[in-house]
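Visitor: I'm new here and would like a tour, please. Where do we start?

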Amino acid sequence: MGILAAAPGPGPAETGKAAAGPYTGHPDFRGCQNFLFQGAAVLCAFGSSALGSQLDYTVFRPHLATAAAKFTGKRGALLKKGLFLFSLLLLLCGFTPGMGREAPVSFPNAYPLQNRYIEETADRVLREIISPGMKESEQVQAAYRWLIENTFFMDPVGLDIWRYRGSPAERPGYVENRALSPLLFGSGSCEDFASALTVLLWRMGIEAQYVAGLTISVNGDFVDHAWTAAKVEGDWYHLDSQLEQNVLRAGKLTYRYFLKNDRYFLADHRWGENLCAYYGNPDNEAQKEILSRWTPPPCASSFPTPAAETVRLRERPDRAVLERQLAGERLAYTQSHGPLPALELDLDPPPVYLDNPNWPSPACAGE
């Protein structure tokens, strides 16, 4: 965390008082003069050892440089000398450019994605929420919390935006593509919540899987649903960020569906073999796909539940506004680059109604 200079105060005309001291006729000059004195006082008072982990030398330099550029003659020369002397003082105290900035967290084992734009989008989120020294479970918790705070249950938007902002040739798979709307626009259904969390975990280098199944709706019947399973600190667990958000009350996050075992989730979820058993184990392609692609390994134990906390949800996005903005972006792109070829996006969720593989499905649990 850098130490920031206060903005220059009001000039004499604004306060009605005459300022004392040399070269006080311009507020920018007086602000920089005060800044120089305050910065030197801070260094003398606390010393380099106390501020070494917090002070960023590059925070100070631009303030003086900007003001110095506005003056010529004696005033400009004085400020430039002050800039030089202050920089020298900082360097003598052991401060260097970039000091105090935490190095961004790197994930050397990150799973590569098919689409670089989606990869970069996920990485930007991780740079915001992951700090050095976090344990793997804390990193997963941060991603889970971020998704709940920043995504609303609503129809996804912008699922084709990678064609306009990234490389049109890098066609993403289903999970990557469905992750876009929560990561960029804060909107999505259960499939999008699950996809976004899965992609964030992949980019951390954590083994994770999108799970397709059923959950109990508010009416007491099973409806199609999706969530995430992940291997965290050596064991597999279930995580359901969308259903967690659905049970928030007064912004209190209780981690009811965070890193839980199979037995816990079976109370209100069906997936894999128990999903097939729910439908009487039909011998069809839908069942084969569920078992081969969308079923996680056994989750034998639950992780200790984190302490409940209050979260602040972002402002709910206006879907109509987003759609208009995206339409304008698409139009600008096609005017500059020409129309993109027709392409069928991979957006259809896995078939979880095994007695009727030729769905579309009814609504997700959050509706």
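Guide: Let's start with a word we'll need: a residue is called buried when its relative accessible area is under 20%, and exposed when that area is over 50%. Anything in between is partly exposed. Keep in mind that this is a predicted model.

Visitor: Okay, let me try that out. Is tyrosine 255 buried or exposed?

Guide: You'll find tyrosine 255 in the loop between strand S6 (252–253) and strand S7 (258–260). Its phi is near 60°, a positive value in a residue other than glycine. The relative accessibility of tyrosine 255 is 0%, and the cut-off for buried is under 20%, so tyrosine 255 counts as buried.

Visitor: And what is the phi of leucine 259?

Guide: Leucine 259 sits in strand S7, and with 0% relative accessibility it counts as buried. Leucine 259 is not a glycine, yet its phi is positive, at about 55°.

Visitor: Let's look at a helix. Which residues of helix H13 are buried?

Guide: Helix H13 covers residues 285–293. The buried ones are Ala286, Gln287 and Ile290.

Visitor: Why are those three on the same side of H13?

Guide: An α-helix has 3.6 residues a turn, so residues three or four places apart point the same way. The buried residues here are Ala286, Gln287 and Ile290. They sit on the same side of H13 because the arc they cover around the axis is only 100°.

Visitor: What do the buried residues of H13 pack against?

Guide: Those buried residues are Ala286, Gln287 and Ile290. Their packing partners are a strand and a helix: S3 (208–216) and H12 (272–278).

Visitor: Which residue caps the N-terminal end of H13?

Guide: Look for a side-chain oxygen that lies 3.3 Å from the backbone nitrogen of alanine 286. Alanine 286 is also one of the buried residues of H13. The cap that supplies the oxygen is asparagine 284.

Visitor: Which residue forms a salt bridge with aspartate 160?

Guide: The closest N and O atoms of the pair are 2.9 Å apart. Aspartate 160 lies in the loop between strand S1 (152–153) and helix H7 (162–165), and the partner lies in helix H14 (residues 319–337), so parts 170 residues apart in sequence are tied together. That partner is arginine 330.

Visitor: What is the N to O distance between arginine 178 and glutamate 191?

Guide: Arginine 178 is buried at 7% relative accessible area, and glutamate 191 is buried at 7% too. Their side chains meet in a salt bridge, for which the cut-off is within 4 Å. The N to O distance is 3.9 Å.

Visitor: Last one: how many salt bridges does the count come to?

Guide: Some of them share partners, joining Glu119, Asp123 and Arg203 into one network. The count of salt bridges comes to 11.

Key:
Residues are numbered from 1 along each chain as its sequence is written. This is a predicted model: local features need pLDDT of at least 70, side-chain atom pairs count only at pLDDT 80 or more; totals for chains, interfaces and linings use all residues. Side-chain values use heavy atoms; hydrogens and water are left out. Buried means under 20% relative accessible area, exposed over 50%, partly exposed in between (1.4 Å probe, protein chains only). Helices (H or I, at least four residues) and strands (E, at least two) are DSSP runs, numbered from the N terminus. The arc is that of the directions from the helix axis to the C-beta atoms. Contact means heavy atoms within 4.5 Å. A polar contact is a pair of N or O atoms within 3.5 Å; within protein, one must be able to donate a hydrogen and the other to accept it, and residues adjacent in sequence count only if both atoms are side-chain atoms.
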